[in-house]
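Please keep the sequence and the 3D view open beside you as you go.

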Amino acid sequence: MSESKFYENTEWQETGKTFLDSNELILNMGPQHPSTHGVLRVILKLDGEKVLGTDCVIGYLHRGVEKIAENRTYVQFNPYVDRMDYVAAVSNGLGYCEAVEKLLGVEAPERARYIRVILTELNRLASHQVWLGTHALDIGALTPLFYCFRDREEILKIFEKYCGARLTTHAFRIGGCQYEIYEGFQKEVLDYCDFVLPKIDEYEELLTTNRIWVERTKGVGVLSGAECIELGATGPVLRGSGVKWDLRKAQPYAAYSKFEFDIPIGKNGDTYDRYLVRIEEMRQSVRILRQAASSIPEGPITAKVPKVLRPPAGEIYHSIEAPKGELGYFIVSDGSTQPYRVRVRPPSFVNLQALDKMVRGWLVADVVAVIGTLDIVLGEVDR
Amino acid sequence: MHVLTDYLRSNVTPGEAGDLLWATIYVLLVVAALSVAVMLMTWLERKILAHIQIRYGPMRVGPHGLLQPIADSLKLLLKEDIIPAGADKLVFWLAPVAVVMTAFTTFLVVPFGRTHAVTDINIGILFMLGISSLSVLSIIMGGWASNSHYPLMGALRSSAQMVSYEVPMAMAIVSAILMTSLKTGTGTLSMIRIVESQAVQGRWFIFSFFPLGFLAFVIFGIAMIAETNRAPFDLPEAESELVAGFHTEYSGFRWSLFFLAEYAGMLAVSSIAVTLWLGGWLRPFSNALAGKTWDLAFSLLPALTVFALAGICFLGAVRMPKHPSFKIQTVGLAVFGLFLGAVGLVLLAPQVRERVQDMYWFSVKVAFFMYLYIWYRGTFPRYRFDQLMKIGWKVLLPLSLAVLILTALVGIRQELATVLMGVLR
Amino acid sequence: MSLAPLLRKIFLVDLLKGLKVTLKYQGPKEIVTEQYPLERPAIAERFRGQPRMNVNPETGEPLCIACGLCALACPEKLITVGSERNPETKKKELTAFSYDISRCMFCGLCEEACPSDALELSQDYEMATYSRDELLLNREKLEKGPEPTVYER
């Protein structure tokens with residue numbers, strides 16, 4: 001079946017059977033459906049319950065962020081990047097600020113880099129908690145959602161106290177951080193680490209060995225390591241298939257080289273392995289947080305950056321390990337105060353392309369599980 | 001007047017006594033009690049599920065949401081009656097009616113006490129199983145009449161699931177029925193005689209031939225959840241799946257009839273489980289803790305339970321927020337607590353105490369099963385449809401057959417041993 | 001399968017573990033819900049909420065020096081600053097100031113740009129209005145702050 005013409009080349013047109021005689025059914029999992037993740041339309045070609053092919057229609061959340069970038073200055077564009085992956089806004093800001101700093105040839109001071117790492121790892125915990133809650137909800141377990149959101153609430157309180165907003169944080173500025181850490185920040189972060197580790201054990205008790213969970217996720221949506229690399233999938237999707245690639249270790253940025261942590265790898269590349277990889281990532285994030293929060297160095301929090309930013313003409317691609325995968329910024333500057341082009345490489349967009357391969361031959365109920373395990377946020381996919 | 005009061009002194013159900021008036025009264029009472037029980041269940045489900053999910057549940061409509069079921073039923077009654085275009089009007093109208101009829105008819109033989117059943121047919125359990133199989137037909141009718149492929153797929157899935165889990169259910173029931181013939185020499189299918197044989201043998205069937213009785217109970221416990229389409233077997237009516245179930249196109253009162261039938265079905269299968277394995281209306285520890293004082297102590301329990309509920313109401317009224325807009329809720333809750341206290345006082349009277357005991361124990365056991373339903377819904381993810389069918393046919397059916405055969409063998413051995421002892425003596 | 005996993009599978013141990021976790025959370029002490037109108041959340045000091053124009057607390061004079069830096073900094077260009085030069089003091093004085101909350105994303109760039117602490121994003125978050133025109137705030141509304149209608153049941 002040719003993949004490019006989804007609606008044509010179906011069985012009934014090839015063999016001359018009428019629509020009523022063929023076994024195929026085209027079903028629309030429309031832009032509004034109760035499995036969260038945003039407005040994604042998936043058109044399924046089914047044979048009874050078996051999925052023969054899928055076609056994703058995206059763009060329902062397209063806001064033209066990259067075009068907006070061409071009409072704003074570098075500093076003014078900073079708040080817009082939070083709104084792409086709105087679940088984990090801090091990483092977006094980190095990627096953008098670091099990309100512009102590379103373009104300017106400026107390095108953020110040590111203290112700023114530690115603060116950035118702390119906030120980014122808290123943000124990774126928050127994003128994985130949302131992922132776990134919504135993924136479990138799609139598969140039918142109603143309660144982990146509420147437990148995850150309760151624990152996430154503490155992280156959002158820390159964000160609120162630090163930068164003033166819970167979701168669209170606008171935490172970092174080009175050259176460093178705007179805000180000095182508040183009184184009690186280190187203690188609160190370390191307290192949160194102690195608070196959340198038993199909670200992660202609780203999530204595992206509810207799900208990891210539960211036979212229903214294992215049956216729903218083991219062997220479902222298998223993606224081998226080679227296929228991942230071919231498709232460009234990154235993040236826990238890649239690591240769940242056994243490829244040991246994490247940008248925090250491979251191309252360290254923002255003080256990650258100073259901390260000790262492990263990269264969890266999966267074996268089979270199925271949904272269950274990706275689940276285990278993300279749970280272990282949460283634990284490693286707590287490890288990094290403990291090391292970082294107890295040893296923030298003194299110093300300035302922002303580097304000397306001119307008031308009106310005019311980077312030299314040139315282009316740069318900088319990517320970071322966002323909770324969902326490799327988030328990259330490609331910025332082309334033409335020497336003026338506004339960028340010529342900002343292109344964002346969203347991890348969810350690239351990972352979503354793997355949906356078709358993962359779901360062929362499985363049942364309709366698995367489509368929902370696979371969309372959940374890819375951890376997509378439509379704000380990122382559509383920008 | 002004599003006609004009315006004469007019956008009160010009898011010790012058989014009105015159906016057996018041939019008393020038409022009291023039978024009608026009992027039928028009306030059963031229907032009313034069922035509706036109230038379903039409304040209570042909706043409130044309980046929302047509250048308990050909310051507490052499992054560390055939130056409050058309904059709190060606004062009445063004190064702690066107690067008037068929420070009334071608000072829900074009013075809303076459903078007043079909603080617009082939408083019939084999809086091209087739907088088969090007669091079948092569309094008939095499906096919810098049929099479902100409710102089958103669900104309520106099963107309650108004709110459910111014994112709340114020795115005399116507290118509408119009637120006692122001597123094929124009681126077979127009657128209940130047969131009528132609940134009829135509900136499968138009405139689900140298919142509902143899915144077909146909606147003229148839309150989502151409800152049709154949901155109805156077919158739902159009916160396939162219910163039919164496949166009826167087999168292990170029936171096997172488990174048969175292995176319990178086998179045990180009714182142990183001491184008395186004749187087995188029985190009548191619901192009341194099953195409980196009486198548990199009384200005669202001095203042991204609830206869940207403990208007979210340990211672990212066989214317990215295994216049969218567990219098999220029935222799993223099959224009954226699948227039979228009523230509840231978590232973790234609720235794929236046909238889950239919201240996050242593609243198909244929203246056979247009752248998608250029904251709105252308003254018709255949907256509330258499906259809902260009523262679902263909860264009535266849950267109550268019906270729980271009643272079967274309670275009657276067959278948990279001793280029906282018998283009080284626990286009737287052998288170990290026998291004697292007049294223990295009887296007295298246990299007979300005080302209904303009143304004590306109602307007093308405890310009244311105490312909780314007063315506690316809730318005391319802990320209400322002191323804001324002026326909560327005054328009416330506080331007062332309402334306190335009045336409800338007073339009413340419950342009055343009911344408890346009535347339950348302390350000796351004549352009432354004896355008659356109420358068996359209903360109380362039956363209700364407590366069925367309530368435990370309802371709590372289990374809600375607890376499972378809050379904890380477990382749901383099975384995919386092929387895994388669900390695999391469990392029904394490949395795991396539960398062989399297991400229930402094995403339990404049945406083993407029960408039969410052990411029972412024969414025991415009977416032979418008794419006969420031999422009798423001969424030798 | 002070795003003995004222990006087999007026994008765990010038969011006796012449904014994994015399901016019972018999950019049931020134990022949810023049983024623990026059913027006590028009323030575990031509930032974390034805030035009943036909103038009665039219990040308000042604790043807002044941090046740096047919270048970026050309703051914008052306010054500050055006045056000097058002793059003299060009552062506006063702190064704004066009409067420099068227009070906030071209008072330049074805003075990514076959405078929703079601040080307009082009208083000023084005229086006072087002929088006596090040779091300083092700019094503020095005549096009109098408008099802030100369009102309907103497009104504001106509460107990023108805080110205007111607050112950072114203001115050199116005299118005049119424009120500040122306060123901790124108020126109850127900014128709902130009944131019509132879109134009321135979302136265009138002028139100087140008086142910014143100085144007074146939001147006045148939400150308090151409802152009694």
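Two residues are in contact if their C-beta atoms, placed from the backbone, lie within 7 Å. This is a predicted model, in which local features need pLDDT of at least 70 and side-chain atom pairs count only at pLDDT 80 or more, while totals for chains, interfaces and linings use all residues. Residues are numbered from 1 along each chain as its sequence is written, and chains are lettered from A, with ligands numbered from 1, in the order in which they are written.

**Exercise 1. Describe the contact between chain B and chain C.**

Step 1. Begin with the two sides: chain B gives twelve residues and chain C gives 13 residues.

Step 2. Now find the elements, using helices (H or I, at least four residues) and strands (E, at least two) as DSSP runs numbered from the N terminus. On the side of chain B that touches chain C, helix H3 (20–52) and helix H14 (350–379) of chain B each supply at least two residues. H14(B) has the largest share, three residues.

Step 3. Sort by class, where Ala, Val, Leu, Ile, Met, Phe, Trp, Tyr, Cys and Pro count as nonpolar, Asp, Glu, Lys and Arg as charged, and the others, Gly among them, as polar. The side of chain B that touches chain C then has six nonpolar, five polar and one charged residue.

**Exercise 2. Work out the overall form of chain B.**

Step 1. Count the elements: chain B has 15 helices and zero strands.

Step 2. Compare its radius of gyration (over C-alpha atoms) with the globule rule, 2.2 Å times the number of residues to the power 0.38. Chain B has 23 Å, close to the 22 Å that the rule gives for 425 residues, so it is as compact as a globular protein of that length.

Step 3. Look at the packing. A residue is buried if 20 or more other C-beta atoms lie within 10 Å of its own, exposed if 12 or fewer, and partly exposed in between. Of the 425 residues in chain B, 42% are buried.

**Exercise 3. Find the largest nonpolar core and what it draws on.**

Step 1. A nonpolar core is a set of buried Ala, Val, Leu, Ile, Met, Phe, Trp, Tyr and Cys residues joined through C-beta atoms within 7 Å. The largest has 216 residues, and Ile118(A), Phe220(B) and Ala223(B) have the most contacts inside it.

Step 2. Helix H10 (residues 253–277) of chain B gives the most to this core, 16 residues.

Step 3. Zoom in on Phe220(B): beyond its neighbours within four places in sequence, Phe220(B) is in contact with Met169(B), Ala172(B), Ile173(B) and Ala273(B).

**Exercise 4. Show how domain 1 and domain 2 of chain A meet.**

Step 1. Domain bounds come from an automatic or database domain assignment, which divides chain A into domain 1 (11–57) and domain 2 (107–305 + 351–382). Their C-alpha centres lie 32 Å apart.

Step 2. Across the boundary, 16 residues of domain 1 of chain A are in contact with 18 residues of domain 2 of chain A. On the domain 1 side, strand E2 (41–47) and strand E3 (50–57) of chain A each give two or more residues, and E3(A) has the largest share, six residues.

Step 3. By class, that domain 1 side has eight nonpolar, six polar and two charged residues.
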